[in-house]
Amino acid sequence: MARLVEALNRFFGRVEILALGLENERSAAEAALAKGMPLEAREHARTILSVLPDSAVGLALWADAAEDAWLDQEVVAALSDLAKRVPWRADVWLRLGRAGQRVGWDGARDAIERATSAPEERDAARLALLDLSDLDLAAGDAARAQRWLDRIPAPLTTVPDRDVALRRAECALAYGDLDGARAAAETLGEPTAIEGRAALVLARLALAEASAAAGFPGAGASAALPPAVVGRALDLGLRALVLDVPGAAELCAALVAASRDVLVVDRVRRVVRAAGALDEPTWAAAFAFAEGRRDDARKALARGLSAGDRAAAAALLRMAVETRDVGALDALAARAELGGAAAPPLPPDLVRLRDAAAMASAGQGSGALDALDAVTGEGAAWAEDIRRSIVQAWLPPADGAAGDRVAAAWSDVLRELARTAKLLDRLDLLAAIEALAVERERPLRAAVVGEFNAGKSTFLNALLGEDVAPTGVLPTTATLHWVAWAPDPFARIVMRGGQDRVVPHAALKDTLRALAAAGDKVARVFIYAPIERLKRVEILDTPGFNAPDPDHIAEARRAFDEAHVAIWLLDAPQAMKESERRVLSEISALGVPVQILANKADRLKPDALETVLAHVRDSLAASAIASLTPPIAFSARLSLKGRLGDEAALAASGWAEVEALFAEQIVDASDALRERALRRKAGRVAAELAQVASARAAEDREAGRRARAEADRLRASAAYLRRERRALAAAIDKALEPARRELASDLRPIAALPEERKRTDASVRAYVQERLVARLSWPLSAEIARAARAGAEPAARGARGADEGGGAPSSRAAAHVRAVLMGMVAVHDAPDELAARPIEGVVEAAIDAFAMALSAEAEAPLPPPASAAVELRAQALRAAFDAPVAPANA
């Protein structure tokens, strides 16, 4: 920036200096400045001011000399007086603000803001806007920094403004807008050897892009990033470090702490040693962390924190987030309570996270999840870990253990599932969740499955020791039969669209035959019997999978959803057909445990039976289908005879082995099998909820993206209107000529009234106001909106497409314009004259009001969509159920 005295010499001339005989002092002062002798120049300037205290030239000489001599207090004093003489000079206010910053003067920022609005020295006003952006960036207010940049006019040439682009990239990185940062960084290109700040921006951008691509939250995960990315970021970061760019040390220290490359660590150590900074807490901690000495790293940072080292506090905060160290957060919070700038208060996200971690440790999982819902920025990955650990801890063990702890765990899980289903309006899943709560209190459900005529009902009767289940007739065995315990024996036939029937066991077969003959449809048959085994295990007797009726096959498949374990009966003489392997694979894919039994063993000789069993085992292995135990061969027909009193048939049936298997693998393992089934069913619900929640969240994210793009368009439009309002006012005023002619026609009835009455008659003024607002407000608003859209066309194209709307004024903006017009009529002595002459001043005021409305709309806070938190909780539920579960009989 040129010396102040040179600019003011041209402006003021030297008349008063010459008149008072001070020209020699002025010349001597300028000569001393040119020779690099500021103290001598200072003395000559003070001599001028002793004679002429308000001399602008003398004050400028004093300010230039004091600045060269690093006498910042005197610079502030000189420029404060000079600013009173030339308040329109942006360069004076800018230098005053910068000097004031160096000495901690309270008015420094105000002075820089005055420089932005001074009409002279447009270059100085631009520098002032850059300085204000830097101040807000340093304070962590990227949004406000961006607004200062919006006020800088675009360059008249095709060469982009690198200073503005650099800060736009910093702003975008600060609030996580990688697209915006990338677009701004393209302007920067490859930084030169002395552009440390640009190098730091490119380093941060490279890490942020790679972290986003890898699914990591930031540079803290750089150990998992491609070495080439980390290497380039480190090269750029070290360049910024050598050039003493603020923030470079923190970035390089973070890269070192995350690195496990000995060569990288040694390279940085040499640079830091050369700078004499090895013992600084931040660097000591970084090298200790890189070498796996986490405790030493924490101690080094704690030492820096105690000494009031702000960089150490930032590094400790970063380490806390990266290593999930609640203790480090506690230390930072305790230090912050003592006050001071060394450890500012924890960011709100980390306060919530710390509270959630404490609640989770105290067993208050639901409250912790509620607190974690609000953690969306820094610490989001940590919050996800805590969220998943809470839900994982809720899940009861899969070994079937009973007790209050298991009951409480399922209560927590089901409550969270129900909450998510309600938030997503999935009442069907809510009903399924409520059914799971009831299912927990019911006995194990074992489905007897297989193809038609495999002997399923006969096996069921043998298992129960009574001839309960109907056998041998297609209409009866093509329906699902549910066998459960009751103190008295009876059967309930559930009809489709009709009244249920309750009959004794002896009448069940005849009743089913009669219903079939009459064409009545049976939905399900419940068979109740006072058999002790049924208190622990309920049996589902399913239709055959090769039944001729597709409805029967569908009914058999529905049994998979209700069963906790399946017993598959093969027809031994024709075991493991392709159709059976296909359905068994389906059951296995659903996660339902299966026990394979080969029925009708009495129809084969021993050698043939052994060959069949070997074939069954080989087929199961080839199809990756597991059986609870190796397949067993038996005869259900002989078993039933034996259970009903024929001891010889019982001995020949092979039932003893089946009975032992059923007792050990199913009845005794019923709790474990039921737990596995509940997990499986709840997991399916959780997966569907997570899918729905992710779809909703994706829709909301897209809506948020569009809203942010629209806000950017509005900001760009507002900045353009403010910047070009004078030129726009003339063009818009000309475009209003047709509307003014209509207004003039409306005002003819009052044209002949005396001027005094026009000014004083309230009814006349009201008429003028009503007509003026009616005729001009909408055309004026529409013209301003059209200009705003044209001025911010790239933003409009990104927000809503080049050919889509955006030209019509919003209701807020139109209301601002109406207010300007109404106010204009209220203060104008002869408002009817407004129809007869240009109103560029009014249009300028309307443009300002319109821009203000656009800015207000752009800055209106967007409520965070609840779907984001719901998605995270639903994903945590799904992840918990996706975790591997040990086999029930392990």
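Predicted model: local features only at pLDDT ≥ 70, side-chain atom pairs only at ≥ 80, totals over all residues.
1. Let's start with the overall picture. The protein has 890 residues, and 49% of them count as buried. Its secondary structure comprises 43 helices and nine strands.

2. On contacts, take the pairs of residues at least 6 apart in sequence: 69% of these contacts join residues at least 24 apart. As for the surface, the accessible area of the protein is about 41,000 Å², and carbon and sulfur atoms account for 54% of that area.

3. How many cavities of 30 Å³ or more does the structure hold? There is one, and the volume of the largest cavity is about 90 Å³.

4. Among the lining residues are Ala 253, Ala 257, Phe 289, Leu 301 and Met 319. Thr 282, Arg 318 and Glu 322 also belong to the lining. By class, the lining divides into nine nonpolar residues, one polar and two charged.

5. Finally, a residue to look at elsewhere in the chain is Ala 711, which sits in helix α35 (residues 670-723). Is Ala 711 buried or exposed? Its relative accessible area is 10%, so Ala 711 falls under the 20% cut-off and is buried. The C-alpha atom of Ala 711 lies 8.4 Å from that of Ser 855, although the two residues are 144 apart along the chain.

Technical notes. Residues numbered from 1 in each chain as written. Heavy atoms only, no water. Helix = DSSP H or I, 4+ residues; strand = E, 2+ residues; numbered from the N terminus. Buried < 20%, exposed > 50% of the residue type's maximum accessible area, 1.4 Å probe, protein only. Contact = heavy atoms within 4.5 Å. Areas by Shrake-Rupley, 256 points an atom, 1.4 Å probe, with all protein chains shown as cover. 1 Å grid on protein atoms, 1.4 Å probe; cavity = no way out; pocket = protein on both sides within 12 Å on 5 of 7 lines; lining within 4 Å. Points joined across faces, edges and corners; volume = space filled by probe spheres on them. Nonpolar A, V, L, I, M, F, W, Y, C, P; charged D, E, K, R; others polar.
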